[in-house]
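Colleague: Please walk me through the terms used for this model. I want each label set against its cut-off.

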Amino acid sequence: MTTDDEQNELTLQEVADELGLHYMTVYRYVRLGMLDASKRGRSWVVTRDDFDAFTAASAEPTERGTAEWDQRLLNRMVAADDAGAWQVVESALTSGMTVSDVYTKMVTPALTAVGEQWRDGKIGIAEEHAASQIAYRIVARLGPRAARRGVKRGTILLGSTATELHSLPLSIAADLLRLEGFEVIDLGANLPPESFAQRAAVTNALIAVAIGVTAPDQDDEIRNTVAALRDATDSPILVGGRGVGNLTADDLGVDAVAASAEDAVGIIERLLSEE
Ligand code: B12
């Protein structure tokens with residue numbers, strides 16, 4: 001007996017037959033995130049809807065050509081396909097994307113889409129967690145490529161509030177700042193204010209402290225963290241991340257609010273020139 005789902009699914013061999021392609025070509029499309037597929041037991045299957053979407057997309061080239069990197073990465077992340085996700089990143093790097101581009105044009109939009117799919121009930125917590133783990137492994141592999149040789153522009157201490165659990169955005173922001181020549185110490189999420197402050201007090205060549213917040217309703221926690229940091233250091237303090245929402249620097253008692261890691265670079269340069 002077959003379920004409705006099974007009737008609407010194609011094996012990779014069936015896809016290959018319908019398209020007149022070799023099985024391995026179709027398998028490559030899947031592993032490169034070009035054709036959406038999921039595991040059924042030990043085999044990959046493609047839903048009829050995804051097959052139709054793939055053939056429609058192949059028929060009319062999009063504005064961005066065939067390399068819709070963020071979408072391809074998203075497909076592999078949601079399918080919990082770690083090796084395939086890395087293959088997409090490697091292909092993007094080979095085609096000339098920079099590490100910074102991979103973070104801002106692929107990993108961040110893919111994670112944003114994962115968050116939206118989870119919020120809209122299209123994927124469950126397990127898929128969201130699996131996708132996030134894959135993102136972590138991508139960050140780990142990209143990390144060495146974000147290191148810059150030579151004299152550093154000073155140290156930025158990066159951390160979070162005690163109730164913030166999102167550490168991935170911090171890791172990504174850290175690498176984006178490293179790519180701009182800063183030394184970055186990333187203390188991660190879930191950080192007690194007094195520990196953050198103690199580390200700030202003993203950090204050499206500290207030019208700024210950045211607090212990253214992604215979860216909503218962190219206002220009071222941010223203020224607690226800022227109060228502890230102000231007692232420990234005279235360095236400027238900035239706050240960044242989507243959890244800041246509409247809060248201003250004045251609301252939070254900090255020197256600046258940065259919408260993105262790219263913005264943070266200009267803000268830190270401005271704050272240093274004002275000192
Ligand atoms: C992975 C994930 C998790 C994982 C985190 C794993 C980890 N170790 O990081 C887990 C499962 C723990 C989690 C938990 C929760 N999550 Co969550 N999560 C995500 C997800 C899918 C990806 C986050 C991510 O890494 N994004 C990639 C980063 C790089 O993108 P970004 O945040 O846009 O960052 C950019 C800028 O903001 C900036 N930036 C970021 N940080 C910093 C720091 C500094 C200093 C600077 C300068 C700049 C900067 O630079 C980036 C590049 O430009 C997002 C979806 C999304 N839209 O991001 C939801 C999301 C952030 N989560 C959300 C929610 C609601 C939660 C929970 C409350 C769910 C719950 N009910 O329990 C909890 C919060 C727990 C807590 N108190 O922290 C919401 C937040 C909504 C909001 N802020 O209003 C989101 C947006 C999902 C959604 N669409 O609703 N989550």
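What follows is a short exchange on how the labels were reached.

Modeller: This is a predicted model, where local features need pLDDT of at least 70, side-chain atom pairs count only at pLDDT 80 or more, and totals for chains, interfaces and linings use all residues. Residues are numbered from 1 along each chain as its sequence is written, and side-chain values use heavy atoms, with hydrogens and water left out.

Colleague: Why is aspartate 81 called buried?

Modeller: Buried means under 20% relative accessible area, exposed over 50%, partly exposed in between (1.4 Å probe, protein chains only). Aspartate 81 has 4% relative accessibility, so it counts as buried.

Colleague: What makes the pair of aspartate 81 and arginine 31 a polar contact?

Modeller: Their side chains come to 2.7 Å. The limit is 3.5 Å for a pair of N or O atoms; within protein, one must be able to donate a hydrogen and the other to accept it, and residues adjacent in sequence count only if both atoms are side-chain atoms.

Colleague: Which protein donor does the cobalt atom of the ligand have?

Modeller: His166 is the only one, through NE2 at 2.3 Å. Donors are N, O and S atoms within 2.8 Å of the metal (3.2 Å for Na, K and Ca); water is not among the atoms, so sites may look incomplete.

Colleague: Why are S2 and S3 said to pair?

Modeller: Two strands pair if DSSP finds at least two bridges between them. S2 and S3 have 3 bridges, in the antiparallel sense. Strands are DSSP runs (E, at least two residues), numbered from the N terminus. Within this pair, serine 38 stands opposite valine 45 in S3.

Terms used
Helix = DSSP H or I, 4+ residues; strand = E, 2+ residues; numbered from the N terminus.
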